[in-house]
Each structure stands twice: as structure tokens, then as C-alpha cells.
Amino acid sequence: MKTDMSTPVVEAVGLRKTYMLGKVPVEALRGLNLRVERGEFLSILGPSGSGKSTLLNLIGALDKPTSGKLLIDGVEVSTLNDNQLTDIRRKIGFVFQFFNLIPRFTAKDNVELSMSIANMTKAERNKRAEELLTTVGLKDRMNHKPAELSGGQQQRVAIARALGNNPRFMLMDEPTGNIDSKTAHEIIELIRKLNADGVTIIMVTHDQNLAKEAKRTIQVFDGEISSDVVN
């Protein structure tokens, strides 16, 4: 089914998530409302315990809300079974602080692996992996294994891998948290270029300076959005 381009990639309405700490209920999210449009570059800022990681897990279809609605690409997450949740995750490009590359695989192999679920031939996967690695500036490093790459280069591989299946949006969790400041600046410039090319990006961070690199920042505090500003 073709997606209506006017449909937001993420929409939360009265979103709540409650965990049980022993017999004590803990409200991680308290009626949060959020709308993310196509083409946005949004940062979600908040300290540890604010609820931002819970929100990330819900947006990534890794968990379901206790109540309220969360729609990803117009589909309400709480109504889905496990197989349907897996299908939704395939529409999301995940990028994490720790690169999660397979050590014995080359950069190109790591990117190709992400496309193994797609209806593509080996030759098509190989061509797309090469194109994506060229896009992220690794044309000359695609046959190197992770141990032969710097932290910044490994994160570039992870970004290329996340783009493999033409995701509806990219969900980034502290994407510069495990690299030095100079390399972090290069990664942010790459992320901004991808966004300028039309990729929707949702970035979760506790770093205020990093959050300001996005076009819009929401701050999460005590399970609610305390501010929503255009940068």
C-alpha cells in the first residue's frame, strides 16, 4: 500500500508508558503528544530518566505504549502483532552509539546484510552497498573490516547500513557518543546532508550542543515534553 505523503512519519497522542518496579508503578511517559513530519530533522533532548529512551523504544517499534496512540507511518503500533511490528521496524533505519557491526564482515558485507530481507538480487545488493558507502565517504574503505576502520568510519558504515532498505525515517541514539569531537562534527555534517537530501531524521541525545544541530528540538522531562523549539 502506497503511503500518503501527507501522513506524519510519527504521531503520538496522549502517549503513556508505565513500568512496574516490583509492585510500584513508574510512569515513564505521561500523556505525551508529538508529531514528526516527513523531511524533518528532530532532536529529542533529555537527561537520564527523563523518558527519552522510552520514547525512542516506542518510536522504534521495540515496545508498545501502555495507553494513548502511537502511529508510525499512519499505523497504530498498539494494534500490531510481533510479525507486524517486525515489518514496521524494517521501515526504520537504526543508528546507535555503539556501531554494532559484525567484526568478521567487511564494510560492504555489513551494509549488504541489512538488505538481505529485501527482494533484491545479490548483484543489486552489492551495487547499492557500494553506492551507499560512496555516499557516506567510504568509497576507498568498503573492503575493510571494522577493526581496520576508525570510530567515525565505523559510524559511517552504520549509517550506510541503516539506509539500505530506503527507510521511512532514521532513528539515531547518541550517534556521536562514542567518537571524538572532530569526528563527531564530520558525522553531524553527514547527517545534515542526508536530511537536506530528504531523509527524515529523529535523533535522541542528552547533549544540548548536539541537539541544537537539528532543525527542531523537543526536550523531554519527567515523561512529558517541556519545550518544542525550532533551532
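Reply: Before two helices are compared, a definition is needed: an axis is a line fitted to C-alpha atoms, for a helix over the stretch in contact, and an angle between N-to-C directions runs from 0 to 180 degrees. Please also keep in mind that the model discussed here is predicted.

Me: At what angle do helix 5 and helix 6 pack, and how far apart are their axes?

Reply: Helix 5 covers residues 151-162 and helix 6 covers residues 181-196. They pack at an angle of about 20°, and their axes are 10 Å apart. Angles under 35 degrees count as roughly parallel. Helix 5 and helix 6 are therefore roughly parallel to each other. The crossing of helix 5 past helix 6 is right-handed.

Me: Which residues of helix 5 and helix 6 make the contact?

Reply: The general idea comes first. An α-helix has 3.6 residues a turn, so residues three or four places apart point the same way. In this structure, helix 5 contributes Gly152, Gln155, Arg156 and Ile159 to the contact. Helix 6 contributes Thr183, Glu186, Ile187, Leu190, Ile191 and Leu194. By class, the contact of helix 5 with helix 6 has five nonpolar, three polar and two charged residues.

Me: How do helix 3 and helix 4 pack?

Reply: Helix 3 (residues 107-114) and helix 4 (residues 122-135) pack at an angle of about 120°, and their axes are 9 Å apart. Helix 3 passes helix 4 in a right-handed crossing. On the side of helix 3, Ala107, Lys108, Val111 and Glu112 take part. They meet Lys122, Arg125, Asn126, Ala129, Glu130, Leu132 and Leu133 in helix 4. The contact of helix 3 with helix 4 divides into five nonpolar, one polar and five charged residues.

Me: Which residues of helix 3 are buried?

Reply: A residue is called buried when its relative accessible area is under 20%. In helix 3 the buried residues are Ala107, Lys108, Asn110, Val111, Glu112 and Ser114. Six of the eight residues of helix 3 are buried, so this helix is largely enclosed by the rest of the structure. The buried residues of helix 3 pack against helix 4 and helix 5.

Me: Which residues are buried in helix 1?

Reply: Helix 1 has Lys52, Thr54, Leu55, Leu56, Leu58 and Ile59 buried. Helix 1 is largely enclosed by the rest of the structure, because six of its eight residues are buried. Helix 1 (residues 52-59) lies across strand 1 (10-21), strand 2 and strand 4, and runs at about 60° to strand 2. Just after helix 1, Ala61 has a positive phi of about 60°.

Me: Where does Leu62 lie?

Reply: Leu62 lies in the loop between helix 1 and strand 4. Its relative accessibility is 44%, so Leu62 counts as partly exposed. Apart from neighbours within four places in sequence, Leu62 is in contact with Asn57, Arg89 and Phe94. The C-alpha atoms of Leu62 and Leu85 are separated by 7.9 Å, although these residues are 23 residues apart along the chain.

Me: In what order do the four strands form an open sheet?

Reply: The order is 2-1-4-5, and the pairing is antiparallel. An edge strand pairs on one side only; here the edge strands are strand 2 (24-36) and strand 5 (75-76). Strand 4 (residues 67-72) is joined to strand 5 by two bridges. Leu71 stands opposite Glu76 in strand 5.

Me: In what order do the six strands form an open sheet?

Reply: The order is 6-7-8-3-9-10, and the pairing is mixed. Strand 6 (92-95) and strand 10 are the edge strands. From one strand to the next, the twist averages 20°. Strand 3 (residues 41-45) and strand 8 (residues 201-205) run parallel and are joined by five bridges. Ser43 stands opposite Met203 in strand 8. Strand 9 (residues 216-221) and strand 10 (residues 224-230), by contrast, pair in the antiparallel sense over six bridges. Ile218 stands opposite Asp228 in strand 10. Strand 9 and strand 10 form a hairpin with two residues between them, and Asp222 in the turn has a positive phi of about 50°. Helix 6 lies across strand 3, strand 7 (169-173) and strand 8, running at about 150° to strand 8.

Technical notes. Residues are numbered from 1 along each chain as its sequence is written. This is a predicted model: local features need pLDDT of at least 70, side-chain atom pairs count only at pLDDT 80 or more; totals for chains, interfaces and linings use all residues. Side-chain values use heavy atoms; hydrogens and water are left out. A crossing is left-handed if the near helix is turned anticlockwise from the far one by less than a right angle, and right-handed if clockwise. Contact means heavy atoms within 4.5 Å. Ala, Val, Leu, Ile, Met, Phe, Trp, Tyr, Cys and Pro count as nonpolar, Asp, Glu, Lys and Arg as charged, and the others, Gly among them, as polar. Two strands pair if DSSP finds at least two bridges between them. Buried means under 20% relative accessible area, exposed over 50%, partly exposed in between (1.4 Å probe, protein chains only). Angles under 35 degrees count as roughly parallel, over 145 as roughly antiparallel, 65 to 115 as roughly perpendicular and the rest as oblique.
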